[in-house]
Amino acid sequence: VVYAVEPFRGALVAGGDFDQANGVPARRLASWDGASWRELGGGVDGSFSQTQPRVQDLVVDGPYLTVTGIFYTCGDSTTNYIARWDGATWHPLGWGLQMATPSHGGAWALGLYDGGLFVGGNMIKAGSKSSSYIARWDEADLVTAVESPPHADTPRDALTLHVSPAVCAKPGRVEIMYTLAQSPHVRTGVHDVRGRAGDGAGGAG
């Protein structure tokens with residue numbers, strides 16, 4: 001059964017509970033280029049005691065195709081019910097979702113509103129936060145660094161660091177290590193993607 005269809009980067013993407021598309025192996029996710037079907041990104045998978053893995057909904061969010069449903073993995077990546085595909089790589093959304101009934105629960109709908117990505121399902125947690133049936137993914141919640149210095153008076157040789165959520169040892173905690181070519185005094189600061197200063201700012205050293 002096909003549950004969702006969405007155009008993405010010149011192809012038509014279909015998601016459902018199928019394991020092939022016109023004879024081509026495709027684990028719940030396939031794309032049509034106008035001439036043939038192929039599995040998208042290695043498909044999605046997972047083992048559940050009372051149901052089968054499936055893609056329930058798709059939405060194009062900027063450069064990404066966001067996928068949700070009943071699955072633990074997308075390709076070789078652990079994603080837990082929701083993930084983004086950029087055309088080449090899967091990106092988990094934080095720690096994914098946790099279901100009230102893991103044996104057969106899932107996420108059923110995606111939507112874009114007011115700059116945020118919303119997901120609905122029978123989850124009890126989204127990432128590390130309690131979330132009953134609906135959750136919002138906001139880019140400001142990403143553990144990352146701004147692409148450029150947040151203030152005009154920031155020195156030109158300021159460092160910009162990029163940290164993936166995968167390096168977080170614990171939810172809400174990130175350790176950043178860096179090496180300088182020389183040993184001058186250094187002042188560190190933490191800002192979110194909108195340039196707002198965080199509580200983790202360091203001092204001069």
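I looked up D61 and found it buried, with a relative accessible area of 18%. The cut-offs I use are under 20% relative accessible area for buried, over 50% for exposed and partly exposed in between, with a 1.4 Å probe and protein chains only. This is a predicted model, in which local features need pLDDT of at least 70 and side-chain atom pairs count only at pLDDT 80 or more, while totals for chains, interfaces and linings use all residues. Residues are numbered from 1 along each chain as its sequence is written, and side-chain values use heavy atoms, with hydrogens and water left out.

**Salt bridges**

I noted that D61 meets R84 in a salt bridge through the side chains, at 2.7 Å from N to O. A salt bridge here is a side-chain nitrogen of Lys or Arg within 4 Å of a carboxyl oxygen of Asp or Glu. R84 lies in strand 12 and D61 in strand 8, so the pair ties together parts that are 23 residues apart in sequence. Strands are DSSP runs of E with at least two residues, numbered from the N terminus. R84 is also buried, at a relative accessible area of 7%.

I searched the whole structure and got 4 salt bridges. One of them joins E39 to R27, with the closest N and O atoms 3.8 Å apart. E39 is in strand 6 (residues 37-39) and R27 in the loop between strand 4 (24-25) and strand 5 (29-32), 12 residues apart. I then found R27 in a salt bridge with D45 as well, at 3.1 Å from N to O. D45 belongs to strand 7 (residues 44-45), so its pairing with R27 ties together parts 18 residues apart in sequence.

**Strand 9 and its partners**

I checked strand 9 (residues 64-70) and found 6 of its 7 residues buried. Strand 8 (residues 54-61) runs antiparallel to strand 9 and is joined to it by 7 bridges. Two strands count as paired if DSSP finds at least two bridges between them. Within this pairing, R54 stands opposite I70. The hairpin of strand 8 and strand 9 has 2 residues between the strands, and G62 takes a positive phi near 65° there.

I also looked at strand 12 (residues 82-85), which pairs with strand 9 in the antiparallel sense over 4 bridges. L65 stands opposite W85 in strand 12.

**Y72**

I located Y72 in the loop between strand 9 and strand 10 (73-74). Y72 is partly exposed, at 27% relative accessibility. Its C-alpha atom is separated by 7.5 Å from that of V44, 28 residues apart along the chain. Leaving aside neighbours within four places in sequence, I listed contacts (heavy atoms within 4.5 Å) of Y72, among them D45, F48, Y81 and P102.

**Confidence**

I looked up pLDDT, the predictor's confidence in each residue from 0 to 100. The chain averages 79, and 67% of the residues score at least 70. Where does pLDDT stay under 50? One such stretch is residues 142-171, for which the model has 38 contacts beyond four places in sequence. Another is residues 200-205, with 13 contacts beyond four places in sequence.
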